[in-house]
Each structure stands twice: as C-alpha cells, then as structure tokens.
Amino acid sequence: MTNPIRHQAIFGITGRSGSGKTHLLARLLPALRARGLQVSTIKHTHHTIDIDKPGKDSFVHREAGASEVMLATPDRWVLQHTQPDAPFTLPDLLARMTPVDLILIEGFHATVPACLEIYRPSVGKDPLFMTQSNIVAVATDAPEAIPAPLATLDLNNTEALATFILERAVQIPLG
C-alpha cells in the first residue's frame, strides 16, 4: 500500500516593504475564519531573528547542539529548527505545518505559485508584477496604475479579496 500524497492549499501575499501586506493579512484572517475556514500563515523575512535569550534553557539547549528545540507554554508552543547547511525551502516548511484549509504566505514571492501583490504607488517603489509571472492579481488603492489585462482588485474590499484568494488558491503536494 502506498502513502497517499497530502496536498495543501496555499496562496501568496506579496509586495514591497511598506505596501500593507501584514495589514491586509490582519483583515483577511478574520474574514476567512468567519467563513468557517482554518487558516495558517507563513511569514518569510530576510532578517535574522532569535526568539531565544542567552541564559534561558532553550537557548542553552540550542547552543549545546540540539537540532530542534520546542518551547511549550500552557497556551502556545514554538519549534525552533536549526538547519545550518542549507536554507529552508517553502515545501520544507509547508510539510511541517498542520494541514488546514488554507495557508497564506507572506514572502517567498518567487516560489509561491500564485500571489496577490499589494501595490500602492504612494509607497514609491516599483511593482513586482512587472517581473514576476506568478502574480495573478494586484490589490491596490490606485487601479489606474495597473496595466490591463492584469486583474485589479480594490485593496479596501476585504471580502472580495478573500473570495478571490479562495478561488485561486493552489493545491500543492507535500512530500
């Protein structure tokens, strides 16, 4: 008997720094939850972060060579995984997550099969849709700045954006 391949619905939210990606996600999550969906997120950053503090037990575990350190509290847990030999890939991360109805991904814009770009000309940065073929639509407050035939959505219409994302989320196989 072979193992069935698991699939996960994913959709990317991308845009330049300061365009409003996180603000949009903060609006989308309650709208999607109100539709009865379980939604998770992945936030990619190019910055180095460390949730550990020197002297804390979890820091000592990791510094002593633990590949993974799980920190568990009464209402939350976080798993730190150290992978010094190769960068994490989106499929690696998705395979570690509990399956839900949808995973929204902020970042990883080059590897997510379908993305919605948040574009505000007032931010003063070039749009990504000019160079990335995986951007299927643009959510903006300036629709006149988006060339046809790229789908243009009202950045302030959360319900329409949620519907669009659900209609275009991509099912990807997980290893």
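Biologist: Why is Arg168 called partly exposed?
Modeller: Arg168 has a relative accessibility of 37%. Buried means under 20% relative accessible area, exposed over 50%, and partly exposed in between, with a 1.4 Å probe and protein chains only; Arg168 therefore counts as partly exposed.

Biologist: On what kind of model does this rest?
Modeller: This is a predicted model, in which local features need pLDDT of at least 70 and side-chain atom pairs count only at pLDDT 80 or more, while totals for chains, interfaces and linings use all residues. Residues are numbered from 1 along each chain as its sequence is written, and side-chain values use heavy atoms, with hydrogens and water left out.

Biologist: What makes Glu167 and Arg168 a salt bridge?
Modeller: Their closest N and O atoms are 3.3 Å apart. A salt bridge requires a side-chain nitrogen of Lys or Arg within 4 Å of a carboxyl oxygen of Asp or Glu, so the pair Glu167 and Arg168 qualifies. Glu167 itself is exposed, because its relative accessible area is 56%.

Biologist: How many salt bridges does a search of the whole structure find?
Modeller: The search finds five. Among them is the pair Glu68 and Arg96, whose closest N and O atoms are 2.9 Å apart. This pair links distant parts of the chain, with Glu68 in strand β3 (residues 68–72) and Arg96 in helix α3 (residues 90–96), 28 residues apart. Helices (H or I, at least four residues) and strands (E, at least two) are DSSP runs, numbered from the N terminus.

Biologist: Why does Glu68 count as partly exposed?
Modeller: Its relative accessibility is 36%, so Glu68 falls in the intermediate class.

Biologist: Is Pro173 buried or exposed, and why?
Modeller: Pro173 has a relative accessible area of 52%, so it is exposed. Pro173 lies in strand β9 (residues 170–174). Pro173 and Pro91 are 82 residues apart in sequence and 8.7 Å apart in space, C-alpha to C-alpha.
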